Number of protein chains: 2
Amino acid sequence: MKPSTVSRRGFLHTAGVGAMTVWVPRSASGYTGAEMRAKTTDAGTGIGVGVSKWELDTPALCVDLDKLEQNLTAMKAKLASTGVATRPHAKTHKCPAIAKLQLAAGSIGVCTAKVSEAEALFAGGVEKLLMTTCNVTPSKIRRAMTIRKANRSFIQAVDNPQNARDLSDAAKEAGIVADVVIDVAVGTRTGVPAGEKALALAQLVDTLPSLKLRGLISYDGGAQHIKGFKTRLERSLKNYEPSVQTYDMMKRSGLNTEIFSGGGTGTYNIMTKVPGFTDLQVGSYIFMDAQYLEIGGETNDELFTDFTPSLTVMTTVLNTYFPGRLTTDAGAKALTLNKPDAIVIGEKGFSYNAGSDEFGAIRYETANKTYKVGDKLELIVPHCDPAVNEYDQIYGTRKDLVEVVWPIAARGHSQ
Amino acid sequence: MKPSTVSRRGFLHTAGVGAMTVWVPRSASGYTGAEMRAKTTDAGTGIGVGVSKWELDTPALCVDLDKLEQNLTAMKAKLASTGVATRPHAKTHKCPAIAKLQLAAGSIGVCTAKVSEAEALFAGGVEKLLMTTCNVTPSKIRRAMTIRKANRSFIQAVDNPQNARDLSDAAKEAGIVADVVIDVAVGTRTGVPAGEKALALAQLVDTLPSLKLRGLISYDGGAQHIKGFKTRLERSLKNYEPSVQTYDMMKRSGLNTEIFSGGGTGTYNIMTKVPGFTDLQVGSYIFMDAQYLEIGGETNDELFTDFTPSLTVMTTVLNTYFPGRLTTDAGAKALTLNKPDAIVIGEKGFSYNAGSDEFGAIRYETANKTYKVGDKLELIVPHCDPAVNEYDQIYGTRKDLVEVVWPIAARGHSQ
């Protein structure tokens with residue numbers, strides 16, 4: 001099921017990526033993050049123009065704004081007739097500016113995985129937040145209630161009775177009624193088991209004086225990267241049956257089910273078939289990555305072409321001595337995961353290994369040009385979420401010019 | 001060659017780790033990084049006492065200071081009679097405070113992998129710096145010369161003739177003579193091929209007016225994690241033969257070879273057998289990790305016990321619903337690599353999967369206690385370097401109390 005280089009290359013061309021020439025300025029200025037921030041004409045918006053992304057100090061994290069916008073528009077168009085909304089997961093970008101673009105494009109809110117992410121996004125001006133992980137320690141519960149007190153749009157997940165009581169007590173202490181959703185497990189990672197246990201928890205929440213039940217969330221992390229659309233469709237709908245039954249049980253019991261949220265980029269066009277389902281927690285669709293390209297889509301079994309790779313890492317060639325090999329400055333600390341290979345844009349036969357902490361190792365048989373030390377390459381990352389989490393800022397580019405420097409405000413916020 | 005859980009457990013007990021009870025305060029305060037920084041009595045040194053590491057908000061990165069000091073002492077003792085010094089690699093800790101401890105323990109300098117790391121360390125008061133990667137872009141070269149101008153102890157690597165000329169030109173422009181070492185390749189990653197090409201480069205450097213040749217570095221990244229001491233010894237000495245010949249050629253040609261540096265934690269007691277070798281670029285010995293534990297040592301073929309695991313990540317149990325499984329809050333964004341498994345201290349039969357970005361997935365058959373949601377666990381990370389690079393600060397603890405909060409000043413400095 002590994003996509004052939006032909007179809008991958010075809011897609012990259014269609015996406016306007018493969019056609020791009022690898023322009024390598026020998027006089028590259030190599031602007032650092034600090035220098036780029038200083039260049040912005042407005043510190044508040046981070047807008048700064050006139051610098052090519054090929055002149056950035058590397059490794060540098062970039063997002064092509066045309067493609068990002070194209071992905072926002074594509075998701076909206078694909079869901080238009082389904083009645084299902086998006087509540088994108090901000091764990092992917094950790095960036096208030098991008099969350100605001102998603103909300104402006106019609107998303108009904110954004111999700112966060114951790115309370116420290118929610119704090120950073122709220123501090124960055126994002127209010128419609130749903131925290132999908134339960135806060136289980138007194139300090140995290142207190143911090144969640146502090147957000148909720150200042151922000152009536154904040155919703156948090158709960159998955160066990162003691163935690164529900166703790167949340168209610170903390171809400172009472174904060175002088176508020178806190179909005180919660182039941183996290184219903186798919187598999188064995190987070191959430192209360194579907195069925196009677198989940199129903200009992202929802203009923204408990206409904207009776208607790210300082211909590212307001214808003215519905216349920218249920219996310220199948222394992223389903224997103226199943227290769228082949230038909231297999232993914234069948235397995236994810238089957239995995240989701242207990243969640244749907246739980247939704248029905250809650251509804252029949254007269255409980256509030258206004259929110260029934262879940263899914264991801266890999267199942268965005270599958271969850272729309274789930275009765276009662278309200279919104280998708282899609283994350284990667286804005287950026288894409290090598291991992292998602294490989295899963296295949298509804299119309300192309302080899303390559304997932306519904307969204308366009310917009311996120312790239314710029315890297316510099318450090319060593320060209322060895323035939324069929326190049327060494328770059330982007331290794332595990334620039335790309336994190338090493339599977340699948342990062343994709344070198346514009347070169348169809350390159351394999352890229354980021355197994356070394358500091359260096360990328362390219363192997364190839366044929367190349368479009370003779371590479372020199374100092375040349376730059378542009379990479380599609382193996383997996384977008386942890387890669388973004390390595391950088392303090394992301395450069396938003398248009399036609400290769402940096403248009404904006406966005407701080408990744410929740411970078412490192414794994415708490 | 002996978003170490004048995006028995007021998008691993010035996011070692012962890014000997015190291016005083018396995019004997020530790022997993023104390024789980026239900027009233028855990030969950031102090032955040034900002035709260036901990038505010039608690040320090042001296043902002044300059046980051047010293048703050050009175051908080052147990054079990055009360056930190058998680059995931060939290062900790063280093064046991066007794067064990068860190070034990071590792072510094074152990075390395076010094078093991079090398080005492082060899083005539084070989086240490087020039088530890090700061091890419092591992094990215095922390096000026098730890099670099100200073102290494103220098104205080106007798107190291108002759110520290111290494112950095114990237115110029116942005118060198119800048120952060122120098123800004124943090126560390127002067128004896130050797131940058132092991134070549135700076136190949138005009139901006140990085142300029143930045144390296146800026147460091148060198150302010151810091152006479154700064155040495156940088158060079159591995160090709162054009163780069164040597166560029167460095168000389170930049171040094172001249174900065175009004176200095178810059179110290180350089182030839183990076184001689186082992187394998188095909190970085191460096192000039194050993195032998196004639198390396199000699200010619202050294203001779204060129206020797207003739208360039210604004211460069212001062214200090215010797216050579218040669219690092220075998222692939223050798224460090226070869227399992228089994230005998231295999232590692234044989235292969236790394238064989239791989240190193242061309243580097244030794246290059247050293248001899250340089251010496252016979254009357255070139256300066258006062259520095260002949262390389263090696264790492266996995267070969268620290270192998271490189272000492274290399275004629276002329278001056279200093280070891282050891283990194284992980286201060287922290288250790290699951291990956292290094294598995295390589296085996298000279299006296300224990302199953303487990304590398306020469307240094308003690310001092311680096312840990314504190315994590316919280318989020319979900320206990322599913323028999324034989326626990327979910328924690330430390331996934332790929334808290335630990336990066338997922339191979340080998342993180343080690344749960346105090347539990348011998350736990351497997352820990354950090355394949356999920358946000359969550360750790362533990363599987364077990366037997367456990368020492370019944371875990372509850374909110375309980376905390378302490379983990380030895382799969383691979384220390386990229387894990388440290390996820391955190392803005394590291395808590396230095398002694399007998400489980402936080403003694404110091406050190407900023408990881410070069411975190412994210414992959415440029």
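Me: What kind of model is it, and how are things numbered?

Reply: It is a predicted model, in which local features need pLDDT of at least 70, side-chain atom pairs count only at pLDDT 80 or more, and totals for chains, interfaces and linings use all residues. Residues are numbered from 1 along each chain as its sequence is written, and chains are lettered from A and ligands numbered from 1 in the order in which they are written.

Me: How many helices and strands are in chain A?

Reply: Chain A has 12 helices and 17 strands. Those are DSSP runs numbered from the N terminus, with helices being H or I of at least four residues and strands E of at least two.

Me: And how compact is chain A?

Reply: Its radius of gyration is 22 Å, close to the 22 Å that the globule rule gives for 415 residues, so chain A is as compact as a globular protein of that length. The radius is taken over C-alpha atoms, and the rule is 2.2 Å times the number of residues to the power 0.38. Along the principal axes, the C-alpha atoms of chain A fill a box of roughly 70 × 45 × 35 Å.

Me: What share of chain A is buried?

Reply: Buried residues are 58% of the 415 in chain A. Buried means 20 or more other C-beta atoms within 10 Å of the residue's own, exposed means 12 or fewer, and partly exposed is in between, with C-beta atoms placed from the backbone.

Me: Switching to chain B. What is the strand order in the open sheet?

Reply: The 8 strands of the open sheet in chain B run 2-9-8-7-6-5-4-3, with parallel pairing. Strand 2 (85-86) and strand 3 (110-112) of chain B stand at the edges with a single partner strand each, so one side of each has no neighbour in the sheet. Strands count as paired if DSSP finds at least two bridges between them.

Me: Which helices lie across strand 5, strand 6 and strand 7 there?

Reply: Helix 7 (residues 161-174) of chain B does, at about 140° to strand 7 of chain B. Helix 8 (residues 196-207) of chain B does too, at about 175° to strand 6 of chain B. Axes are lines fitted to C-alpha atoms, for helices over the stretch in contact, and angles run from 0 to 180 degrees between N-to-C directions.

Me: Back to chain A. What does strand 7 pair with?

Reply: Strand 6 (residues 178-183) of chain A pairs with strand 7 of chain A in the parallel sense over 6 bridges, and A:Asp179 stands opposite A:Lys212. Strand 7 of chain A is also joined by 4 bridges to strand 8 (residues 259-262) of chain A, again parallel, where A:Leu216 stands opposite A:Phe260. The chain crosses from strand 7 through helix 9 (residues 229-252) to strand 8 of chain A in a right-handed β-α-β crossover. Right-handed means that, with the strands pointing away from the viewer, the path from the first strand over the helix to the second runs clockwise.

Me: Why is strand 7 of chain A called largely enclosed?

Reply: Because 6 of the 8 residues of strand 7 (residues 211-218) of chain A are buried.

Me: How many residues of chain A are in contact with chain B?

Reply: 54 residues of chain A are in contact with 54 residues of chain B, contact being C-beta atoms, placed from the backbone, within 7 Å. Elements giving two or more residues to that side of chain A include helix 6 (138-150) and strand 10 (311-319). The residues on that side of chain A divide into 19 nonpolar, 23 polar and 12 charged. Ala, Val, Leu, Ile, Met, Phe, Trp, Tyr, Cys and Pro count as nonpolar, Asp, Glu, Lys and Arg as charged, and the others, Gly among them, as polar.

Me: Now the backbone. Where are the cis peptide bonds you have?

Reply: One joins A:Thr58 and A:Pro59, with omega about -5°. Another runs from B:Thr58 to B:Pro59, with omega near -5°. A:Pro59 is in the loop between helix 2 (33-39) and strand 1 (60-64) of chain A.

Me: And A:Lys94, buried or exposed?

Reply: A:Lys94 is buried, with 28 other C-beta atoms within 10 Å. Its phi is positive, near 55°. B:Lys399 also has a positive phi, about 45°, but B:Lys399 is exposed, with 10 other C-beta atoms within 10 Å.

Technical notes. Two residues are in contact if their C-beta atoms, placed from the backbone, lie within 7 Å.
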